[in-house]
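Have the sequence and the 3D view open side by side as you read.

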Amino acid sequence: MRASHILVSTEVEAKRILEEIKTNQSSFEESARAFSMCPSKKQGGDLGEFGKGQMVKPFEDACLKLKVSELSSPIKTEFGWHLIKRTG
């Protein structure tokens with residue numbers, strides 16, 4: 001599968017960013033570049049392709065439930081709060 005994500009430190013921040021994306025105030029990629037704590041922000045949050053077992057379980061489980069182009073609600077992992085967009 002393939003996904004992009006935005007990683008932030010709080011659920012409040014993740015929800016705010018999600019609302020901005022849903023109301024077309026910002027694109028997912030613009031928000032990733034502006035707010036994500038992950039180095040993938042330089043690529044608009046793109047993590048590339050990965051297989052089962054390569055990501056932490058909550059992240060992987062969320063990805064598996066998403067359809068291509070679908071955006072997740074905030075997902076908590078040991079790294080922080082993620083917004084995930086399935087891209088493949």
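Two residues are in contact here when they have heavy atoms within 4.5 Å. Helices (H or I, at least four residues) and strands (E, at least two) are DSSP runs, numbered from the N terminus. This is a predicted model, in which local features need pLDDT of at least 70 and side-chain atom pairs count only at pLDDT 80 or more, while totals for chains, interfaces and linings use all residues. Residues are numbered from 1 along each chain as its sequence is written, and side-chain values use heavy atoms, with hydrogens and water left out.

Let's begin with helix α1, which runs over residues 11-22. Its twelve residues reach 16 Å from the first C-alpha to the last, close to the 16 Å expected at 1.5 Å a residue; the expected span is 1.5 Å times one less than the number of residues. Which residues of α1 are buried? They are A14, I17, L18, E20 and I21, where buried means under 20% relative accessible area, exposed over 50%, and partly exposed in between (1.4 Å probe, protein chains only). These residues cover an arc of only 160° around the axis, which puts them on the same side of α1; the arc is that of the directions from the helix axis to the C-beta atoms. As a general point, an α-helix has 3.6 residues a turn, so residues three or four places apart point the same way.

What covers that buried side? The cover of α1's buried residues includes β1 (2-8), α2 (28-35) and β4 (80-86). The face turned away from the buried side carries the exposed residues V12 and K22. Just after α1, N24 takes a positive phi of about 60°.

E20 counts as buried because its relative accessibility is 18%. Its side chain makes a polar contact (a pair of N or O atoms within 3.5 Å; within protein, one must be able to donate a hydrogen and the other to accept it, and residues adjacent in sequence count only if both atoms are side-chain atoms) with the side chain of R16, at 3.0 Å. Leaving aside neighbours within four places in sequence, E20 is in contact with Q25, S26 and F35.

Finally, turn to helix α3 (residues 57-65), whose buried residues are F59, E60, A62 and C63. Seen down the axis of α3, they fall within an arc of 160°, so they line one face of the helix. These buried residues pack against β1, β2 (46-49), β3 (75-77) and β4, whereas the face turned away carries the exposed K57 and K65.
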